[in-house]
Amino acid sequence: MLVVTAMRSGSVNAQGSANTAANISATVIVPIAISKTSDMELGKIVSDPNGATMSISSSGVRTFSNSTNSTASNPNGTAATFHVTGDNSCSFSTVHTGNGEGAGVNGLFLTDGASHSMWFSIDGTTSQSLASGTTDYKVTGTLMISANQAAGIYFVSFTELCPYD
């Protein structure tokens with residue numbers, strides 16, 4: 001059996017060429033903006049030997065795990081409310097910051113300016129649509145009240161960030 005291999009020396013030239021055009025475009029949108037509509041007000045809370053938790057809803061309804069912490073003369077609070085404007089084809093997610101914790105904190109310490117504090121657990125971040133170019137959203141959560149919590153006015157400041165998704 002005889003095998004013959006043929007080889008051609010030299011280079012191979014391409015037969016023709018092809019090309020196409022591509023476009024580059026950019027769409028500039030309005031910047032997202034946020035403003036506070038209302039602060040969160042958790043209301044008056046009665047200290048007791050057992051401690052409790054108190055949740056605040058978006059409508060301001062306070063729910064206590066121990067009814068002795070509630071006051072009949074101050075049944076409701078106020079959830080923090082924010083107003084956001086931006087491009088109507090976009091959505092955004094909220095990020096909470098405060099207590100020097102940086103972005104994405106899930107809770108904050110309220111302090112009385114002395115050595116007493118209470119932990120407020122912020123409900124999860126939310127993703128919101130700007131379908132009409134504007135929306136309002138509320139921040140809610142749960143306050144941890146220690147047994148025999150010291151009387152005083154407790155306070156914390158927090159910042160809301162709302163980057164486009």
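How many salt bridges does a search of the whole structure find? In this predicted model, the search returns one. The partners are Asp 39 and Lys 36, whose closest N and O atoms lie 2.9 Å apart.

In soluble globular proteins, nonpolar side chains tend to be buried together. Here, the largest nonpolar core contains 20 residues, and Leu 42, Phe 120 and Leu 143 have the most contacts inside it. Several strands contribute to this core, with at least two residues coming from each of strand 2 (52-56), strand 4 (80-85), strand 7 (107-111), strand 8 (117-122), strand 10 (134-139) and strand 11 (141-145). Leaving aside residues up to four places away in sequence, Leu 143 touches Leu 42, Ile 45, Ala 52, Thr 53, Met 54, Leu 110, Met 118, Trp 119 and Phe 120.

Attention can now turn to the sheet. Strands of a sheet pair through backbone hydrogen bonds, either parallel or antiparallel. In this model, five strands form an open sheet in the order 3-2-11-8-7, and their pairing is antiparallel. Strand 3 (62-64) and strand 7 are the edge strands, each pairing on one side only. From one strand to the next, the twist averages 25 degrees. At one edge, strand 7 is joined to strand 8 by five bridges, the two running antiparallel. Within this part of the sheet, Phe 109 stands opposite Trp 119 of strand 8, and Trp 119 is also among the residues touched by Leu 143.

Notes. Residues are numbered from 1 along each chain as its sequence is written. This is a predicted model: local features need pLDDT of at least 70, side-chain atom pairs count only at pLDDT 80 or more; totals for chains, interfaces and linings use all residues. Side-chain values use heavy atoms; hydrogens and water are left out. A salt bridge is a side-chain nitrogen of Lys or Arg within 4 Å of a carboxyl oxygen of Asp or Glu. A nonpolar core is a set of buried Ala, Val, Leu, Ile, Met, Phe, Trp, Tyr and Cys residues joined through side-chain atoms within 4.5 Å. Buried means under 20% relative accessible area, exposed over 50%, partly exposed in between (1.4 Å probe, protein chains only). Helices (H or I, at least four residues) and strands (E, at least two) are DSSP runs, numbered from the N terminus. Contact means heavy atoms within 4.5 Å. Two strands pair if DSSP finds at least two bridges between them. Axes are lines fitted to C-alpha atoms, for helices over the stretch in contact, and angles run from 0 to 180 degrees between N-to-C directions.
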